[in-house]
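Subject: Handover of a structure

Dear colleague,

Please find the structure below, together with its sequence. A short account of the findings follows it.

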Amino acid sequence: SIVTLLAFNLEKDGYEVTTATDGAEGYRLAISNPFDFIILDLMLPSMDGMDICKRLRQEKFDTPIMILTAKDDELEKIIGLELGADDYVTKPFSPRELVLRVRAILRRRETDRESENFIQIEDLLIDVEGHHVSVNKIEVQLTSTEFKLLVELASKRGRVQTRTSLLDRVWGYTYEGYDRTVDTHIRHLREKLGDLGDYIETLRGVGYRFRAENEK
């Protein structure tokens, strides 16, 4: 019933929808088709949503992934984000809100940013149009959301970004209680950047800032 409801609302909004009610079948479809967006339920037969998300990211699929879960458990959400999910929705949910969030994620993915094509900060190189990041000429694998977050911070280096502004500009929406989403992605991004992750500073009670190159 949930699959039917989601498909109906997405198709009504103009999307072409492919569905699967089995995890293994969904995974097979995901790796064999050029989908623009994937919605994953966590509780699936044969292969759960977390496992699918992990495998897709390990295989370097950067398609946006939204997790749909009945578990109102913060740990589950954090694990999902750390595995590479771009967003999550907890049941029960508003179909209209879900569609709006899908649209927002796809819009931010397609919108050309008004920023440098390349951002070079010490050994960090960001190819904005090519969607590549490297440190010491070694490619860093980032999810679509992590990449957008890094570009947003690095292109405004030296300026403070509140969690609310990051949610709006990177995720495409603001929603009460989603500050932890930003914190989780920042932590993951720092880990992937290694020593250069120290450039991302936390301003307690305010937000984050990418330190300017002339600052220590």
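Leaving aside neighbours within four places in sequence, Thr145 is in contact with Asp86, Arg108, Val170, Trp171 and His185; contact means heavy atoms within 4.5 Å. Thr145 belongs to helix 6 and counts as buried, at 0% relative accessibility. Buried means under 20% relative accessible area, exposed over 50%, and partly exposed in between, with a 1.4 Å probe and protein chains only.

Before going further, please note that this is a predicted model, in which local features need pLDDT of at least 70 and side-chain atom pairs count only at pLDDT 80 or more, while totals for chains, interfaces and linings use all residues. Residues are numbered from 1 along each chain as its sequence is written, and side-chain values use heavy atoms, with hydrogens and water left out.

Helix 6 (residues 144-154) packs against helix 7 (residues 163-171) at an angle of about 120°, and their axes are 10 Å apart. Helices (H or I, at least four residues) and strands (E, at least two) are DSSP runs, numbered from the N terminus. Axes are lines fitted to C-alpha atoms, for helices over the stretch in contact, and angles run from 0 to 180 degrees between N-to-C directions. Helix 6 and helix 7 are therefore oblique to each other: angles under 35 degrees count as roughly parallel, over 145 as roughly antiparallel, 65 to 115 as roughly perpendicular, and the rest as oblique.

In this contact, Thr145, Lys148, Leu149, Glu152 and Leu153 of helix 6 meet Leu166, Arg169, Val170 and Trp171 of helix 7. These residues divide into five nonpolar, one polar and three charged. Here Ala, Val, Leu, Ile, Met, Phe, Trp, Tyr, Cys and Pro count as nonpolar, Asp, Glu, Lys and Arg as charged, and the others, Gly among them, as polar.

The model also holds an open sheet of three strands in the order 1-2-3, with parallel pairing; two strands pair if DSSP finds at least two bridges between them. Strand 1 (38-41) and strand 3 are the edge strands, each pairing on one side only. From one strand to the next, the twist averages 25°. Strand 2 (residues 65-69) and strand 3 run parallel and are joined by four bridges. Ile67 stands opposite Tyr88 in strand 3.

Strand 3 (residues 87-90) also contains Thr90, which is buried, with a relative accessible area of 18%. The C-alpha atoms of Thr90 and Leu68 are separated by 6.0 Å, although these residues are 22 residues apart along the chain.

Yours sincerely
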